[in-house]
Amino acid sequence: SLPYSTATGGEGGEGSEGAAGLSSSESGCSGFSLAALPERRRPGGCRPRYEVVRELGAEEVRWFYREDRKTWKPFIGYDSLRIELAFRAAGRGGNADRGEGPAAAPEPVCVRGGLYEVDVASAESYPVYWNQTEKIPVMRGQWFIDGTWQPLEEEESNLIEQEHLNRFKGQQLQESFDMEVSKPVDGKEAIHSLKLSRNHVDWHSVDEVYLYSDATTSKIARTVTQKLGFSKASSSGTRLHRGYVEEATLEDKPPQTSHIVFVVHGIGQKMDQGRIIKNTAMMRDTARKIEEKYFSNLATHVEFLPVEWRSKLTLDGDTVDSITPDKVRGLRDMLNSSAMDIMYYTSPLYRDELVKGLQQELNRLYTLFCSRNPEFEEKGGKVSIVSHSLGCVITYDIMTGWNPVRLYEQLLQKEEEELEDNWMSYEEQRLLEDLYITKQRLKDIEERLHELKASAISKPPVLKFKVENFFCMGSPLAVFLALRGVRPGNSGSQDHILPRTICNRLLNIFHPTDPVAYRLEPLILKHYSNISPVQIHWYNTANPLPYEHMKPSFLNPTKEPTSVTDSESGSAVPSPTTSPVMARRHYGESITNIGKASILGAASIGKGLGGMLFSRFGRSSTATPQPLETGKDGAEGDDKKAPTVGTPPLSHSSSGFLETTVELEHRIDFELREGLVESRYWSTVTSHTAYWSSLDIALFLLTFMCKDDQEDADKSNLDTV
């Protein structure tokens with residue numbers, strides 16, 4: 001049976017009139033009172049006995065939006081009801097028909113989980129958290145096409161609705177059992193007709209309405225088919241329905257967001273502005289599919305917000321463009337808009353501008369989200385970050401407060417200590433002592449001044465939130481850390497490169513053929529260069545083994561570990577005591593297998609480039625702004641035996657090979673599985689940008705972000721996850 005309004009005069013009128021005078025705040029947005037809605041009297045969409053035709057109720061109207069010039073998509077019932085109430089309160093609905101005059105301009109209505117707002121006056125929707133040049137059109141649907149339930153254009157729909165009310169308002173509809181035995185439409189003549197600009201509408205009965213095209217070809221087709229004995233309606237008519245197939249209900253409401261994910265882009269955003277918005281939308285859509293399939297019974301609801309930090313930066317203006325030759329200009333412009341971001345970040349002049357740009361955008365988005373969702377912090381909402389490519393390095397530096405000036409100051413200090421060991425005259429020694437005393441006094445004065453400033457003004461944290469999970473995708477972070485002097489330790493703790501006080505969990509995701517991605521685990525424990533990264537489960541795997549239960553396996557069990565220095569050429573990598581040697585599946589001779597010691601190789605390059613800096617304090621120099629905590633499994637005792645200044649850094653880090661019981665507290669490197677028919681050469685080109693729409697990654701992200709809820713939920717309900 002078809003949905004029709006069951007509202008009496010009081011329901012249709014008082015509901016909209018009451019909504020005009022009441023307002024409330026929903027998800028940080030001014031809306032309208034939902035208490036003014038009429039109660040549903042037709043559960044399941046069944047018409048009561050002897051229903052009469054009246055104006056459509058707010059629950060029968062459905063609002064739609066259209067993105068990328070595709071088909072119209074319906075808003076969920078909760079959003080549609082609130083938009084319709086705002087529409088009627090503005091005087092464009094029922095109140096306007098009663099001659100009460102237009103009301104004040106309505107305030108925007110939050111829709112789609114609070115990510116967008118709808119301006120009823122302009123019939124447009126726009127995003128809340130990011131900028132978008134093209135507005136999203138919205139439309140009020142009253143009459144719908146049979147089968148697809150796509151709405152008629154609003155202008156035609158309004159004309160048909162007005163004609164329908166003028167002709168049939170107050171008339172009684174047939175009951176469903178009467179309709180079953182009533183005369184079929186093929187033998188009925190039209191009792192009413194309406195001419196539109198390109199179409200016309202025929203009413204064969206109160207609830208049998210057909211739309212016909214008045215194009216010449218359609219007229220000829222109708223004439224031919226009617227002469228063949230077919231009726232006009234069955235040959236070329238499109239049946240229309242009044243009111244949407246589903247009534248809008250208050251229960252059709254999105255869950256409250258309990259976990260937000262900031263998605264940070266890498267290089268190339270200037271070349272393709274808005275790309276991160278599209279990529280985040282793809283990641284959000286795939287996550288919704290996984291969430292509905294595997295996590296529908298959990299309380300956690302994850303929302304993804306794009307962080308677009310590049311377009312607001314001025315940097316050098318157009319200086320680089322002005323010095324670019326004209327030959328092969330297209331290729332040069334592409335490189336200037338993409339790879340040049342790496343040059344900017346390694347530049348001491350522009351690095352801070354990039355860091356501050358991303359930091360300010362992260363804090364702006366978090367503050368805006370909390371202001372519109374005040375219960376988020378009250379209920380212990382969590383924040384994670386998903387960064388891609390260079391964005392991983394910038395995000396890491398923001399969280400840790402890393403600054404290249406610190407390394408330069410340490411280098412100068414070591415040079416001074418080295419000079420003291422050399423033979424020098426009495427006059428040189430006296431001058432050096434005076435210089436040392438002066439610098440020490442200057443340092444003390446600076447520390448006292450800093451303490452006074454700190455006591456007067458408390459410095460706000462770099463980020464206004466603690467990061468629960470930091471997901472790196474296609475990340476070159478490891479090679480940056482290696483070139484900064486970070487060397488493998490012996491504790492197996494994430495604190496070696498990212499303290500848990502800053503970020504609870506670090507996870508490095510990469511495709512095996514991604515040429516930009518590097519591994520992080522060998523920077524923590526050296527022998528992990530010969531242990532394969534964890535394979536990410538396919539999203540449709542039945543009953544996969546939880547990641548925390550997966551044991552390490554060797555990349556190549558028969559091959560000796562790759563040596564870094566000549567003194568370590570004889571070292572062997574014993575298997576961790578709890579790690580059986582397992583053959584890898586779906587891995588093959590991938591790029592990570594061929595270059596399994598790429599990080600250690602990068603460390604050697606860094607050693608050569610950095611000279612004294614890396615050789616003197618490669619073990620003690622870390623990328624964290626605070627001292628590292630001592631690890632477990634006897635790491636404290638090993639730290640007491642740390643070499644003095646001047647010892648090559650990698651000689652002590654060889655404890656990773658000697659300590660047979662040391663393993664990582666948590667695995668960090670996670671690798672996508674290669675497709676069975678995937679071309680390795682082609683995927684090398686495409687793999688760096690293939691993370692956004694991957695269902696495997698969506699399942700992986702949600703698995704870690706919903707981990708707490710999974711542990712609390714019933715195990716039997718999670719067997720399929």
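Two strands pair if DSSP finds at least two bridges between them. Strands (E, at least two residues) and helices (H or I, at least four) are DSSP runs, numbered from the N terminus. With that in hand, welcome to this predicted model, where local features need pLDDT of at least 70, side-chain atom pairs count only at pLDDT 80 or more, and totals for chains, interfaces and linings use all residues. Residues are numbered from 1 along each chain as its sequence is written, and side-chain values use heavy atoms, with hydrogens and water left out.

**The chain as a whole**
- The chain has 26 helices and 20 strands.
- Of its 721 residues, 48% are buried (under 20% relative accessible area, with exposed over 50% and partly exposed in between, using a 1.4 Å probe and protein chains only).
- Take the contacts (heavy atoms within 4.5 Å) between residues at least 6 apart in sequence: 76% of them join residues at least 24 apart.

**An open sheet**
- Six strands line up in the order β4-β3-β8-β7-β6-β5, with antiparallel pairing.
- At the edges sit β4 (73-74) and β5 (109-111), each pairing on one side only.
- β5 and β6 (residues 116-119) run antiparallel and are joined by three bridges; V109 has V118 in β6 as its bridge partner.

- Helix α14 (residues 390-400) is largely enclosed by the rest of the structure, because 11 of its 11 residues are buried.
- Among these buried residues are C392, Y396 and D397.
- Just after α14, G401 takes a positive phi of about 70°.
- Helix α12 (residues 351-372) packs against α14 at an angle of about 80°, with the axes 10 Å apart (axes are lines fitted to C-alpha atoms, for helices over the stretch in contact, and angles run from 0 to 180 degrees between N-to-C directions).
- The two helices, α12 and α14, are therefore roughly perpendicular (65 to 115 degrees; under 35 is roughly parallel, over 145 roughly antiparallel and the rest oblique).
- From α12, R351, L354, V355, L358 and Q359 meet I394, T395, D397 and I398 of α14.
- The residues of this contact divide into five nonpolar, two polar and two charged (Ala, Val, Leu, Ile, Met, Phe, Trp, Tyr, Cys and Pro count as nonpolar, Asp, Glu, Lys and Arg as charged, and the others, Gly among them, as polar).

**Helices α8 and α25**
- The axes of α8 (residues 275-294) and α25 (residues 695-705) come within 9 Å and cross at roughly 65°.
- Residues including M283 and I290 of α8 and L695 and L702 of α25 make the contact.
- Here the contact residues divide into nine nonpolar, one polar and one charged.
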